[in-house]
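Dear colleague,

Please find below the structure that I am handing over to you. My notes on what was found in it follow directly after.

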Amino acid sequence: MDNLFAPSDVSWTPVSPQLASVRRVSSAITYGVVAVALLLGLGLTVGWVWGVLALVVVAAAFVWSWVLIGRNQRSWKYAERDDELMVSHGVLFRELIVVPYGRMQFVDVTAGPLERAYGIATVELHTATPATDAKIPGLHPDEASRLRDRLSALGQAQAWGL
Amino acid sequence: MTEPVGARLHPLTPFVKGWGYFVGGGLILVNNESLRSNLEIAGIGLLGVLIGGILLGALSWWFTKWQLTDDAIRVDSGFLFRRTRIIRFDRIQAIDVAQPFVARIFGMAELRMDVAGGGKSDGKLSYFRYAEAGELRTLLLVRAKGEQVAEQQLAQPEPEALLVVPTSRLLGATLLSSTVIGSAGALIWLIVATMVLDFHIGLFAGLPLLLGVVQPIWKQVVGNHGFTLSQTDHGLRTKRGLIDVQRQTIPPGRVQGLLITEPLIWRLLGWSRVELDIAGVAGKDEGDDELQGAQLLPVGERAEVAGVLARVLPGFNLDAIQLQRAPERAKWLRPIGWRYLSYGADDQVFVTTSGWVSRRTSIVLHHKTQSVRLAQGPLQRKLNLADVHIDTPLGPTNAVALHRDANEAAWLTGAQANQARVARQAIETTRPHES
């Protein structure tokens, strides 16, 4: 099953586990805010028992998301072939994206404050259609710049026009 | 700052552009109760509006200049905030000569240039005399295509029409479309319910329904009135419209895909609609959520559709393509529609079909493929199915081979990526100068 979305005839590069850390921190913040809001909201209006119950539910959801984030992070991988970039990701909804270098319009490298703190960046490849969605999160900044330079060089060399 | 050189547009431009402003100003003044009693103030006010409008329009006209440089058309405009726009010839995807209603009265026309990635108003230049606009369009087309043809090539005579869509068929096709039938049915039910059954829903609900009946008819019958397709040296050209005559040229090599739509009732009559994906044209119509490509044929019979397809894609025969149906287990996800899901390919195009009420056949060209995606959801995984998306630039065509056997889909993904490369290389060797 697995090799459908990650053919074994190419060498796949996994993304940094830091991606999971970043996502866990941001999920912790979201769940934390929700938990506090529910605890206070329910506690002050309905009763503290309900508030604590909601807290338990949120905590369980957070643990579940912790596991899912880990699985999702492990699912992200990419491969640079001679003529195209391949990106594979997803656990429940799986996707394999194949983008010929020559189709590239521009490359974005982005890193939010949290990502920077954990030393990762996202490389996104844009083609003439927004449907392409070739995004690789969780790259080491050096790897991200290397990929960016390589992709733009290859895009230049193999440019196909519109 | 150096004063830009170049030619000005037609002197009547401010009036044609601002007629709505004048009419609006006049209406407001006439309708205003307090002013109506005092005609003197109304007169002065109207005069003020008129003079102000003419002044502003004249200033904007005075400061707008266009010129052709070696490789681009340059437009300078604005008197407070100067703006220079340079549109390179090789970035122009298509050029239309359009005549909005008022402009037509004065025998004027505007030039609409479609630029890849540009918005609707980015490449508009208005107004010219009609003949002048035609000449300029020919000139720009020659430049855009990179041919070293002399500038003085005059506007070509109106080319012979390949086909004209009769208005009766346009009307019939619109009346038989699902939107109109649905809205009309609901409207009749509403009227009957209100009148006979004394069931007061209020006729307000009828307003959107009425709109649902009238709007498509208006759009199709008036907008596509006298739809004419003709062949010129610069590509296929369409001409349509009753009030606002629109012309569009489809340069060969810019076509990315085609979409053939056959709504339920049309299918019985053998009618279908053909739309084109052209770089730079998608989403041009304002107020439309749906992405609209260039209309190649608003409604045509089977033979016409085949003829049009052969024009756009020489050597292409839709019937010759072996379509592979989706496996039967796809019925768990598409109880009825799975029978109509299929895909096929030859060395030029990739074809998918879908839809059991309104059948859509998407045709995309291999060498325009932007990326290939293989996707699978949890239910599909249980059934060992997967989707293959062939992404082409924005437009109505959406080639997705839905619910294929997973192994086949994985193979198809790789094969399509290869096919796209092979097709592109083939194109490059035969047409080395294309974009």
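**Pairing between the chains**

Strand 4 (94–100) of chain A and strand 19 (residues 371–376) of chain B run antiparallel and are joined by five bridges. Two strands are said to pair if DSSP finds at least two bridges between them. Helices (H or I, at least four residues) and strands (E, at least two) are DSSP runs, numbered from the N terminus. Within this pairing, Glu95(A) stands opposite Ala375(B).

Please note that this is a predicted model, in which local features need pLDDT of at least 70, side-chain atom pairs count only at pLDDT 80 or more, and totals for chains, interfaces and linings use all residues. Residues are numbered from 1 along each chain as its sequence is written, while chains are lettered from A and ligands numbered from 1 in the order in which they are written.

**The contact between chains A and B**

In total, 23 residues of chain A are in contact with 26 residues of chain B (contact requires C-beta atoms, placed from the backbone, within 7 Å). On the side of chain A that touches chain B, strand 4 of chain A gives the largest share, seven residues. That side consists of 14 nonpolar, four polar and five charged residues. Here Ala, Val, Leu, Ile, Met, Phe, Trp, Tyr, Cys and Pro count as nonpolar, Asp, Glu, Lys and Arg as charged, and the others, Gly among them, as polar.

**Annotated spans of chain A**

An unreviewed UniProt entry places the feature "transmembrane region" at residues 25–42 and 48–69 of chain A; positions are in the numbering used here, feature names are shortened, and annotations may be inferred rather than shown by experiment. In the model, residues 25–42 of chain A are 100% helix and 0% strand, with end C-alpha atoms 25 Å apart. Residues 48–69 of chain A are also 100% helix and 0% strand, and their end C-alpha atoms are 31 Å apart.

**Within chain B**

Chain B is divided into domain 1 (7–144), domain 2 (166–222) and domain 3 (251–430), with bounds from an automatic or database domain assignment. Seven residues of domain 2 of chain B are in contact with seven residues of domain 3 of chain B. On the domain 2 side, helix 7 (residues 167–175) of chain B provides the largest share, three residues.

Chain B also has an open, antiparallel sheet of four strands in the order 1-2-3-4. Its edge strands, strand 1 (7–8) and strand 4 (83–88) of chain B, each pair on one side only. Four bridges link strand 2 (residues 65–68) and strand 3 (residues 72–77) of chain B, and Trp66(B) has Val75(B) as its bridge partner.

Yours sincerely

Note on methods
Two residues are in contact if their C-beta atoms, placed from the backbone, lie within 7 Å.
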